[in-house]
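Visitor: Could you show me how to read the sheets and helices of a protein model? I am new to this and would like to go slowly.

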Amino acid sequence: MFKLSKKLSELPPYLFLEIDKAKRKARAQGRDIIDLGIGDPDQPTPKHIIEALYKAAQDPVNHRYALDQGMPALRSTIAGWYKRRFNVTLDPETEILPLIGSKEGIAHLPVAFLNNGDYSLVPDPCYPPYKGGTILAGGRVHLMPLLEENAFLPDFTKIPFSVRKRAKLLYINYPNNPTGAVAGKDFYSNAIKFAVKNKLVAVSDLAYSEMSYDGYQPQSMLEVEGAKDSVIEFHSLSKTYNMTGWRVGWACGNAKLISALAKVKSNIDSGIFTAIQLAGIAALEGPQQYVLDMCRLYQERRDCLVSGLNALGWKVNKPKATFYIWIKIPVKSKSIDFAAVLLDKADIVATPGVGFGKYGEGYIRMALTVPKERMVQALERLKKIF
Ligand SMILES: *Cc1c(COP(=O)(O)O)cnc(C)c1O
């Protein structure tokens with residue numbers, strides 16, 4: 001019968017599907033599950049963005065194929081936003097490419113740069129598409145461990161010279177999913193130096209730049225002088241405006257990198273629904289109070305969860321950004337087993353660290369995507385079993 005491609009069989013198992021199955025089974029049994037597993041905002045998209053979609057969807061002009069390279073108005077809105085937010089100047093014609101969610105672009109990028117057997121340098125633990133996209137493009141993944149003792153930053157000096165010679169892409173993601181770690185300009189400069197020296201494309205995933213706390217402001221890798229020679233940065237409206245389901249994001253940076261990604265995409269998709277692009281413009285140009293309110297909400301939840309866990313004797317740090325709490329498992333247990341105990345004994349879903357890669361073993365991730373009352377309930381349940 002059908003035989004699957006070698007690439008498909010090489011993809012790491014998608015652990016999250018298994019967790020989802022277990023969760024659904026527990027719910028079907030009528031159990032009251034508190035889901036701290038998924039990184040998906042629980043709050044609705046702000047109303048003015050929905051109104052913009054509603055209005056645009058009624059205009060037949062917007063029912064036709066969109067332009068592959070995105071609406072000029074969206075591209076110039078993005079340029080304006082980057083200028084205001086990071087003081088980075090981008091040419092809307094050549095240095096910005098709207099995407100059907102940033103995951104799409106992140107996963108397609110390797111097709112443009114990897115030949116069979118070339119390496120991507122990928123942090124571990126990480127957001128899964130860095131690995132998946134590399135393997136589907138026929139490339140190989142070299143893992144850069146993100147260790148607590150290095151503040152969850154990769155150590156480039158540990159990458160063997162044999163790998164550097166065949167490496168093409170360097171993935172960097174701060175604020176980081178799943179560890180919640182952050183990085184500043186010094187780290188970015190270093191990463192860019194390493195990329196230039198080894199002729200790598202530096203891929204910066206900045207999905208969480210607007211989700212930060214205690215006055216901390218994440219930076220863009222493109223703020224580093226000379227960054228535009230080697231950097232492509234991915235951005236998304238998903239987390240900033242509670243728009244995960246809408247599928248709109250973008251890539252920006254070096255014009256050659258942008259046009260290479262655009263070429264791949266022009267063979268695969270036909271752009272973002274125009275009405276959604278117009279709603280994206282409304283998001284970026286409309287009132288930004290919603291973003292501040294979102295941060296305040298997550299910050300309250302963060303403080304509640306972290307101090308509650310620490311009161312149990314767990315040793316948990318408060319992240320400065322992202323809506324993830326990366327938790328060292330307080331007992332001797334594999335992350336999958338520990339997550340299973342949380343589900344069985346406390347009806348709590350958390351994500352086992354190993355789902356993000358082998359260096360995530362020993363940790364679980366909890367997301368701040370449930371109301372504070374539910375968090376308090378979760379903490380009470382944990383107190384009973386630990
Ligand atoms: C959520 C997330 C994204 C955004 O994905 P979209 O496809 O834009 O919804 C990108 N990178 C990381 C690390 C994420 O966690």
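Guide: We will go through strands, sheets and packed helices in turn. This is a predicted model, in which local features need pLDDT of at least 70 and side-chain atom pairs count only at pLDDT 80 or more, while totals for chains, interfaces and linings use all residues. Residues are numbered from 1 along each chain as its sequence is written, and side-chain values use heavy atoms, with hydrogens and water left out.

Visitor: Which order do the strands of the seven-stranded open sheet have?

Guide: Helices (H or I, at least four residues) and strands (E, at least two) are DSSP runs, numbered from the N terminus. Two strands pair if DSSP finds at least two bridges between them. Here the order is 2-8-7-6-5-3-4, and the pairing is mixed. Strand 2 (96-99) and strand 4 (140-145) are the edges; each has a single partner strand, so one side of each is left without a neighbour in the sheet. On average, neighbouring strands of this sheet are turned by 25° against each other, direction ignored.

Visitor: In which sense do strand 3 and strand 5 pair?

Guide: Strand 3 (residues 119-124) and strand 5 (residues 167-172) are paired in the parallel sense, over three bridges. Ser120 has Leu169 of strand 5 as its bridge partner. Strand 5 also runs parallel to strand 6, joined by four bridges, and Tyr171 stands opposite Val203 in strand 6.

Visitor: How many residues of strand 6 are buried?

Guide: Buried means under 20% relative accessible area, exposed means over 50%, and partly exposed lies in between (1.4 Å probe, protein chains only). In strand 6, five of its five residues are buried. Val201, Val203 and Asp205 point one way, while Ala202 and Ser204 point the other way.

Visitor: What angle do helix 4 and helix 10 make where they pack?

Guide: Two packed helices are described by the angle between their axes and the distance between the axes. Axes are lines fitted to C-alpha atoms, for helices over the stretch in contact, and angles run from 0 to 180 degrees between N-to-C directions. Helix 4 (residues 72-86) and helix 10 (residues 274-285) make an angle of about 20°, with their axes 9 Å apart. They are therefore roughly parallel to each other; angles under 35 degrees count as roughly parallel, over 145 as roughly antiparallel, 65 to 115 as roughly perpendicular and the rest as oblique.

Visitor: Which residues of helix 4 meet helix 10?

Guide: Ala73, Leu74, Thr77, Ile78, Trp81 and Arg84 of helix 4 meet Gln277, Gly280, Ile281, Leu284 and Glu285 of helix 10. This contact (heavy atoms within 4.5 Å) has six nonpolar, three polar and two charged residues. Ala, Val, Leu, Ile, Met, Phe, Trp, Tyr, Cys and Pro count as nonpolar, Asp, Glu, Lys and Arg as charged, and the others, Gly among them, as polar.

Visitor: How far apart are the axes of helix 5 and helix 6?

Guide: The axes of helix 5 (residues 102-113) and helix 6 (residues 129-136) are 7 Å apart, and the angle is about 40°. Helix 5 and helix 6 are therefore oblique to each other.

Visitor: What order does the three-stranded open sheet have?

Guide: Its order is 9-12-11, with antiparallel pairing. Strand 11 and strand 12 (residues 363-367) are joined by two bridges, and Pro352 stands opposite Ile364 in strand 12. Helix 12 (residues 335-346) packs on this sheet, touching strand 11 and strand 12, and its direction makes about 45° with that of strand 12.
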